[in-house]
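Here's a quick walk through some sheets and charged pairs. Take a look at the model first, then read on.

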Amino acid sequence: MSCDSSVERFPNSLHSAIWTIKFSKDGKYLASAGQSCIILLWKVLLNQQTEETIKVLDETPFIEYKGHTADILELAWSKNNFLLSSSMDNTVRLWHPTQKECLCVFQHLNFVTSIEFHPKDDRFFLSGSMDGRIRIWSIPEKRVAFWNEIPDNKYATAVGFTLDGKTVIAGSHDGHCYFFETQSLKYNTQVSVMNDTSSNRNSSSKKGPKITGIEVLPGLPPGDEKVLITSNDSRVRLYNMKDKSLMFKYKGVENNSLQIKATFSDDGRYIISGSEDAHTYIWRTEQSSVISPLHHLQETRNKAMSALGESTLNAFHGFESNQSSPQPTRISKWLKRRAGGDDHHHSNNKIRSRTEYFQSHENIVTASIFAPTKTRQHIAKSKQDTIYNRTPLTSRRMSSASSAGSSSSFYSNTEEEVYPDGHIIITADCRGLLRVWRIDSGSNHKSTTPLGDSQSLLHSSESTILTNSSASVRSIPSSPKVRRNFGGLFNRNQNK
């Protein structure tokens with residue numbers, strides 16, 4: 001992979017780790033930050049292109065925010081597109097895409113590890129710090145409204161709100177999660193990730209792994225909320241907020257020392273995480289149907305077998321949970337499924353070990369996220385996206401039918417279009433590389449359409465593949481590994 005163009009354009013950030021990436025609530029911006037102490041704001045492509053493309057982000061940052069003097073650890077967006085950044089320089093800074101300068105600085109006593117806007121009133125935000133305190137700040141008043149200390153002088157390594165904003169959750173460096181009432185930050189209870197049951201819930205003597213992420217499952221009503229806890233024992237756990245009991249434990253990812261965190265897709269159907277083994281991992285939640293976000297590859301498997309013969313069977317062995325371990329092939333080296341049995345048929349088994357994963361970088365993957373539904377809607381409405389222009393009506397939730405006479409007629413500008421199968425994944429690594437991955441939900445009845453050196457869309461007749469839309473949004477050519485994996489198998493016309 002050539003990195004010459006990145007070295008020239010981004011001399012200070014190419015080899016600086018990206019610790020955090022976040023989409024804005026309206027889906028129009030992606031913010032990335034880390035060791036470079038600079039926040040890069042990337043704009044989602046809307047109507048700037050003159051021809052079809054599979055690009056998602058502009059190749060040049062929309063804004064570069066400077067001001068922090070140490071690693072930026074976390075980013076958070078408000079509903080009104082205000083952006084918060086927390087840093088090892090002991091500060092939180094406030095930004096907005098319409099302004100090039102910092103709007104406000106909130107000083108802390110130590111590293112600020114985690115931040116989040118209040119979900120109901122974004123005049124307030126929550127911060128967790130290595131000084132052992134959590135704080136709720138009033139932005140208009142530029143001061144702390146409430147604060148409290150983590151019990152037993154623990155460091156706050158992750159924080160979050162419940163969806164209704166009434167409860168604050170704070171994770172510590174030794175495997176505990178503490179629950180506080182938002183009003184006045186009154187302590188309520190705690191759990192340890194080392195306890196698989198709700199017994200011994202209030203015990204603080206057992207030391208566990210650092211909590212690296214706290215995420216609430218979206219879309220659930222008050223009283224039914226679930227919270228996702230990521231920790232440095234390479235586990236992701238889902239807890240029931242009602243009784244603080246462990247529901248499921250997800251494994252497969254390698255997360256032993258860094259601040260890697262798992263997050264939900266915005267529909268709550270999937271969990272995604274980076275990993276220290278250079279892969280991105282995806283699990284289904286109980287909100288999901290049995291269809292995986294990568295399920296189109298199973299359809300591709302059948303079509304490829306029909307066209308190329310039985311010899312292609314082993315190329316897709318990752319999808320066969322009951323298959324013995326055949327020799328690795330081009331496809332299986334890139335996209336795999338780790339089978340842990342049929343977890344859903346064992347109600348007493350809380351471990352979810354069946355996961356899909358793929359090598360998304362050559363180095364540690366520090367962050368992996370799904371683009372929100374609104375981002376996919378913005379891209380589709382531009383009518384310049386190669387994939388969504390060819391996504392059939394049957395694969396989308398639509399309120400009305402339209403003619404399928406041309407690719408453009410697959411469109412309808414209604415907000416009901418959500419493209420449930422056309423996921424976009426963003427990944428970042430410890431070398432400063434940002435990658436955009438597309439899950440192709442379209443059907444292309446034309447020959448393969450290359451879209452230039454920096455992107456690869458390897459279509460064959462009616463095939464659907466996972467496509468690396470750009471090895472980097474920094475104009476780096478697509479990974480040769482991706483081309484090699486798919487070029488031989490899918491760069492040919494297939495007839496049913």
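## Glu-52 and its partner

Glu-52 is partly exposed, at 28% relative accessible area (that label covers the range between buried, under 20%, and exposed, over 50%, using a 1.4 Å probe and protein chains only). Its salt bridge goes to Arg-390, with the closest N and O atoms 2.7 Å apart; the term needs a side-chain nitrogen of Lys or Arg within 4 Å of a carboxyl oxygen of Asp or Glu. Glu-52 sits in the loop between strand 3 (39–43) and strand 4 (63–65), and Arg-390 in the loop between helix 3 (373–381) and strand 28 (424–429), so the pair ties together parts 338 residues apart in sequence. Arg-390 itself counts as buried, at 11% relative accessibility.

Before going further: this is a predicted model, where local features need pLDDT of at least 70, side-chain atom pairs count only at pLDDT 80 or more, and totals for chains, interfaces and linings use all residues. Residues are numbered from 1 along each chain as its sequence is written, and side-chain values use heavy atoms, leaving out hydrogens and water.

A search of the whole structure turns up 14 salt bridges. One of them joins Arg-435 and Glu-362, with the closest N and O atoms 3.2 Å apart. Arg-435 belongs to strand 29 (residues 434–439), while Glu-362 is in the loop between strand 26 (355–359) and strand 27 (365–370), so this pair links parts 73 residues apart in sequence. Arg-435 is buried at 1% relative accessibility, whereas Glu-362 is partly exposed at 40%.

There's also a network of salt bridges linking Lys-22, Glu-74 and Lys-261.

## Sheet 13-14-15-16

Four strands make an open sheet in the order 13-14-15-16, with antiparallel pairing. Strands are DSSP E runs of at least two residues, and helices are H or I runs of at least four, numbered from the N terminus; two strands pair if DSSP finds at least two bridges between them. Strand 13 (156–161) and strand 16 (186–192) are the edges, each pairing on one side only.

Inside this sheet, 5 bridges join strand 14 (residues 167–172) to strand 15 (residues 176–181), and Thr-167 stands opposite Glu-181 in strand 15. Asp-174 and Lys-154 meet in a salt bridge (2.8 Å, N to O). Asp-174 is in the loop between strand 14 and strand 15, and Lys-154 in the one between strand 12 and strand 13, so parts 20 residues apart in sequence are tied together. Both residues, Asp-174 and Lys-154, are buried.
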